[in-house]
Amino acid sequence: MACFEAWTATRSEEEQKEQRLIDVMFLCDEWKSSKGGLSTFNREFAINLAQATTDSMKIHCYVSKSDDQDREDAKQHGVNLITAISVPGSADSIECLKFPPSKLPNPQLVIGHGRKLGGPAFSLVQNTKCKWIQFVHVYCEDLGKYKKTTMAATDTIEENEKKHKMEIELCKAADAVVAVGSRLQQKYSRSLLNVKVDIITPGIFEKFSSESWVAVDRSVVKNFTVFMFGRAAFEDLSLKGYDIIANAIGSLGKKFNLTFVGSSPGEHRKVEQWFLEKTCVTRNQLTIRGYCSEQEELKLMFYQSDLVSLPSRTEGFGLVALEAISACVPVLVSGESGIAEALQNVDGGQSVIVESDDDATQWAQRIKELSSQSPEERQTNAMKLRENYRKVYSWRTQYGKLNVNVDVEDLKPADADKHSTASENAGCQRTSTALGTCRKRRSDTEIDDLQALKGKALCLIALNYLQTTPPQSNEEHNEFMQYLEKMRVVISGVSVGSLVITVKCDSLKSLEELWEDYSCGHLEKIVQVCFVTEKILKELNLSELKLKITMDEEEYDAYRAHFDKAALRAILSSIFSTIDHGEEALASQSHLVRSTVIESWQRLGELNEQEQKKEVVQPEKVKGTSHSAASFTSGPERKVEDLFELMKLQEEGEYQRWPDYRKEITSPFAVISTTDLIDENEGVLETRRTKKE
């Protein structure tokens, strides 16, 4: 009976939690990425949002088609995949998404994308009265400048102007608009008057970053191969800049090759003929492959390339370049792409941007410069770029949360002869009930009444903020909103005598910027100016209301360490995951890579030591095995050198223990596990050192 009651109570709690969750429904025609960028973005965003909001949201993806594998994959990532019922007699696969599914008839929020999925989102809003966020991925007027058509009667500029107007109409109808990348945010902000355009910059694709970046033995490869990914639709051939790279490769000579991945079935020869007729690339330099819809196959092609190029004459963002960056593959991207604008804010990002959008000579020069670098140098730079990008942009917006406590430092009631009424609500909600007036001077006010007045002031500030935060109605605190927008700040709650602002920092950079503003007093100044309005003073009958803010330094240090450790683990994981692809490649790496391992190892050990000395609340723990600080810091230089030496011995056939042992390496902390292996083979290593001497 007791067990049944306990089970019932647990079940009741789970049901209550389910009821509290916000149902968010993404619209897309598929779960996998067989159709390219939009599907890839939709899936990755849904997965990361599900992982970051488990306590507040339930993520659903409403698709026009799916299979068992899709549903299982979505489930493993915390996403509920719902397949729409096809509309009889309709050839439009998207039309079925206009009708709410029986499994989720009343979602609270719908996510639409562009013209294709904005229409179904609008229909669902009419049927369910839910909220609607519209994401924009392209700017059609830019596309029309370069798109071509086989029909002479079609004016692609005019056609794309019409498409642009459709995009704008959908954005105006939505409750909120989000642009993918700052490039699109700037363009849509100009087109959407009186509409606030938010921004999301895609983060690293972890499925690609978990793989080894040493997949090809570069020592035996003589030619330099550039890969280019896209679709070989006639209208896109010029738009995507395929001819630019082909001309660049053709001018560099026979030691440079181009692989184009994007031909439709049965169109390979036709695509090849276009390249041969329109550019100076030769048949011997050119390889044509079909469009790649399988992620595993795409990974393999990334690792086969020496360089992935994105030469688009205009590009909303350019996810394929980000996928290559995630895989630690060298890239060059056009300055007319959204990814280029994102990389401007990343250390080392400008080095992979080609500013000229139509100059094959400049592209040829940049490709030649990269080819002159050693494979180790290119890969090391690619790895640094990925980790620097990760520091600035993240899919998840809840890695770090800092509380900014706003308190009333001092207040002065207005003159007693000036009688003003203040609105009161014990539950911190506005009502029309009139309160008594604050007619007493401070000297006559009891401490309890003073504390109540302070609490009331903070409550009114919070309500004032919340009423001016929704899209298109933040004029009253525009300055404050602009400052906090990039910091992803929300007021999470109000307690007696204290207003708590929760700051969600999705990168080390945003965390450090917030702390710097707090330390120099800039944040307090902004809070004072924007929170203490004439309206607040009048309602409380005050002549002065001075606020002060405090932040917990230990909390800041803990989150800073969290970001540092995440970056260091990623570096170590990248290097040591190469073991799964063969010891020869790792044994031949440069001194620079070894130094990176040693420095990362030492720093990770220091952070773990600091955590042991301080009892601080940890951020969300990283999955994996925990290891002591001593394991990280005991002779890192010697251990890393010995590890490389063992791999080299195995390559030469003098040591056979490693292939079995490497199966134990399963996490970014795997490097620590090599301690026992090195100690066990100290005799072998000592003999090796003696021979060298």
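**Figure 1. Leucine 545 is a buried residue of this predicted model.** Its relative accessible area is 3%, under the 20% limit, so leucine 545 counts as buried. The residue is found in strand β19, which spans residues 542-551. Beyond its neighbours within four places in sequence, leucine 545 is in contact with Val408, Asp410, Leu411, Ala457, Ile461, Gln528, Val532, Ile536 and Leu537. One of these partners, valine 408, is 137 residues away from leucine 545 in sequence. In space, the C-alpha atoms of leucine 545 and valine 408 are 7.2 Å apart.

**Figure 2. The whole chain gives the setting for the close-ups.** The chain has 28 helices and 19 strands. It holds 693 residues, and 50% of them are buried. Take the contacts between residues at least 6 apart in sequence: 70% of these join residues at least 24 apart.

**Figure 3. Seven strands form an open sheet with parallel pairing.** The strand order is β3-β2-β1-β4-β5-β6-β7. Strands β3 (80-83) and β7 (197-200) are the edge strands, and each pairs on one side only. On average, neighbouring strands of this sheet are turned by 25° against each other, direction ignored.

**Figure 4. Strand β4 is largely enclosed by the rest of the structure.** The strand covers residues 109-113, and five of the five are buried. In a regular strand the side chains alternate between the two faces of the sheet. In β4, Leu109, Ile111 and His113 lie on one side, with Val110 and Gly112 on the other. Both faces are covered. Strand β1 (residues 22-28) pairs with β4 in the parallel sense over three bridges. Here phenylalanine 26 stands opposite isoleucine 111 in β4. Strand β5 also pairs with β4 in the parallel sense, over five bridges. Histidine 113 has phenylalanine 135 of β5 as its bridge partner.

**Figure 5. Helices α6 and α7 pack on β5 and β6.** Strands β5 (residues 131-136) and β6 (residues 176-180) pair in the parallel sense over four bridges. Glutamine 134 stands opposite valine 177 in β6. Helix α6 lies across β5 and β6 and runs at about 150° to β5. Helix α7 (residues 182-191) packs on the sheet and touches β5, β6 and β7. The direction of α7 makes about 170° with that of β7. Serine 189 is found in helix α7. This serine is partly exposed, with a relative accessible area of 32%. Alanine 179 is ten residues from serine 189 along the chain, and their C-alpha atoms are separated by 9.3 Å.

**Figure 6. Helix α4 crosses helix α6.** Two packed helices are described by the angle between their axes and the distance between the axes. The axes of α4 (residues 114-128) and α6 (residues 156-173) come within 10 Å and cross at roughly 35°. The crossing is left-handed. On α4, the contact is made by Gly114, Arg115, Gly118, Gly119 and Phe122. On α6, Lys163, Met166, Glu167, Leu170 and Ala173 take part. By class, this contact has four nonpolar, three polar and three charged residues.

**Figure 7. Six strands form another open sheet with parallel pairing.** The order is β10-β9-β8-β11-β12-β13. Strands β10 and β13 (353-354) stand at the edges with a single partner strand each, so one side of each has no neighbour in the sheet. Strands β8 and β11 (residues 307-310) pair in the parallel sense over three bridges. Methionine 228 stands opposite serine 309 in β11. Helix α12 (residues 319-326) lies across β8, β11 and β12 (331-334), at about 160° to β12. Helix α14 (residues 360-371) lies across β8, β9, β11, β12 and β13, at about 165° to β12.

**Figure 8. Helix α10 has a buried side and a face turned away from it.** The helix spans residues 268-278, and Val271, Glu272, Trp274 and Phe275 are buried. These four cover an arc of only 155° around the axis, which puts them on the same side of α10. An α-helix has 3.6 residues a turn, so residues three or four places apart point the same way. The buried residues of α10 pack against β8 (224-229), α9 (242-252), β9 (256-263) and β10 (286-290). The face turned away from the buried side carries the exposed residues Arg269, Lys270 and Glu277.

How values were computed. Residues are numbered from 1 along each chain as its sequence is written. This is a predicted model: local features need pLDDT of at least 70, side-chain atom pairs count only at pLDDT 80 or more; totals for chains, interfaces and linings use all residues. Side-chain values use heavy atoms; hydrogens and water are left out. Axes are lines fitted to C-alpha atoms, for helices over the stretch in contact, and angles run from 0 to 180 degrees between N-to-C directions. Helices (H or I, at least four residues) and strands (E, at least two) are DSSP runs, numbered from the N terminus. A crossing is left-handed if the near helix is turned anticlockwise from the far one by less than a right angle, and right-handed if clockwise. Contact means heavy atoms within 4.5 Å. Ala, Val, Leu, Ile, Met, Phe, Trp, Tyr, Cys and Pro count as nonpolar, Asp, Glu, Lys and Arg as charged, and the others, Gly among them, as polar. Buried means under 20% relative accessible area, exposed over 50%, partly exposed in between (1.4 Å probe, protein chains only). The arc is that of the directions from the helix axis to the C-beta atoms. Two strands pair if DSSP finds at least two bridges between them.
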